[in-house]
Amino acid sequence: MVRVLRSCIQSILKLVNSVIGMAGLAMILYSAWMIRVWQREMGDLPFGHDSDDYPPPWFIYTFLGLGAVFCVVTCLGHVAAETANGCCLYLYMVFVVLLLMLEAALTVDVFVNQDWEKDFPKDPSGSFDKFKNFIRSNYEMCKWVGLFLVSVQGLSLLLAMILKALGPHQYYDSDDEYTPDRVPLLKNAPPQYVVVDPGYAHGNETWNRSNR
């Protein structure tokens, strides 16, 4: 029963974890599109060419880094779900908790602080302003997408905790591990007797004498 429950939770955790990976891939693709736009407008890639006239496009860096982190967390979650290893599950839960804390801090700052835009530096690429205007014009859709992503992360954290409580798989490499369970049965088994035919025993004795 525990083995069936563990397998179901592992499959659900992989499925839920895949949603986080898809979000990370979407962020990486969006970052690649922003890099392409920057290269078309500036004639060069936005990496390693920082100056006073053109500050670093931090929004592109941040979005690309978050997408990479989401993908790494997804890979770690798949490994943890497949092996049900305690260390992998703990590490996965730590990453998910950190992501949830970061998202919660960002959400509180946006909704509580009226001047939250001043907390971010100026983005020379203009991608931050475009992203902000897109969210404002599609607030309802973005709100439900954000709530869905946070719910998926919370569900993956809960499934990882349940899988950690169930423990890893029990593998048996040899028959020696079964011996303690079988010893009481062997001790309680009735003694075995061997019945020998007297004629057969007499024939063997005669044959031994003739050989001597």
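In which helix is the place of Q10? Q10 belongs to helix 1, where helices are DSSP runs of H or I with at least four residues, and strands runs of E with at least two, numbered from the N terminus. The model is predicted, so local features need pLDDT of at least 70 and side-chain atom pairs count only at pLDDT 80 or more, whereas totals for chains, interfaces and linings use all residues. Residues are numbered from 1 along each chain as its sequence is written, and side-chain values use heavy atoms, with hydrogens and water left out.

The overall layout makes a handy starting point. The protein chain holds seven helices and zero strands, and its elements read α-α-α-α-α-α-α from the N terminus on. Of its 212 residues, 25% count as buried, a term for a relative accessible area under 20%, with exposed meaning over 50% and partly exposed in between (1.4 Å probe, protein chains only). Among contacts (heavy atoms within 4.5 Å) with a separation of 6 or more, 74% join residues 24 or more positions apart.

Helix 1 covers residues 2-42 and includes N17. Because its relative accessible area is 0%, N17 is classed as buried. Leaving aside residues up to four places away in sequence, N17 touches V73, T74, G77, H78 and Y92. Q10 also counts as buried, because its relative accessibility is 9%. In sequence, Q10 and T83 are 73 residues apart, and their C-alpha atoms are 9.1 Å apart in space.

The unreviewed UniProt entry lists residues 12-38, 58-77, 89-112 and 144-163 under "transmembrane region"; such positions are given in the numbering used here, feature names are shortened, and annotations may be inferred rather than shown by experiment. In the model, residues 12-38 are 100% helix and 0% strand, with end C-alpha atoms 40 Å apart. Residues 58-77 are likewise 100% helix and 0% strand, and their end C-alpha atoms lie 28 Å apart.

Helix 2 (residues 58-83) packs against helix 3 (residues 86-112) at an angle of about 150 degrees, with the axes 9 Å apart. Here axes are lines fitted to C-alpha atoms, for helices over the stretch in contact, and angles run from 0 to 180 degrees between N-to-C directions. On the helix 2 side, the contact is made by L66, V69, F70, V73, L76, G77, V79 and A80. Helix 3 contributes C88, L89, L91, Y92, F95, V96, L99, L102 and E103.

With a relative accessible area of 14%, S125 is buried. Its contacts, not counting residues up to four places away in sequence, are with W38, P57 and I60. S125 and E41 are 84 residues apart along the chain, and 9.2 Å separates their C-alpha atoms.

Helix 5 (residues 139-166) has 28 residues and should span 40 Å at 1.5 Å a residue, which agrees with the 41 Å between its end C-alpha atoms; the expected span is 1.5 Å times one less than the number of residues. The buried residues of helix 5 are V152, Q153, S156, L157, L159, A160 and L163. Just after helix 5, G167 adopts a positive phi of about 90 degrees.
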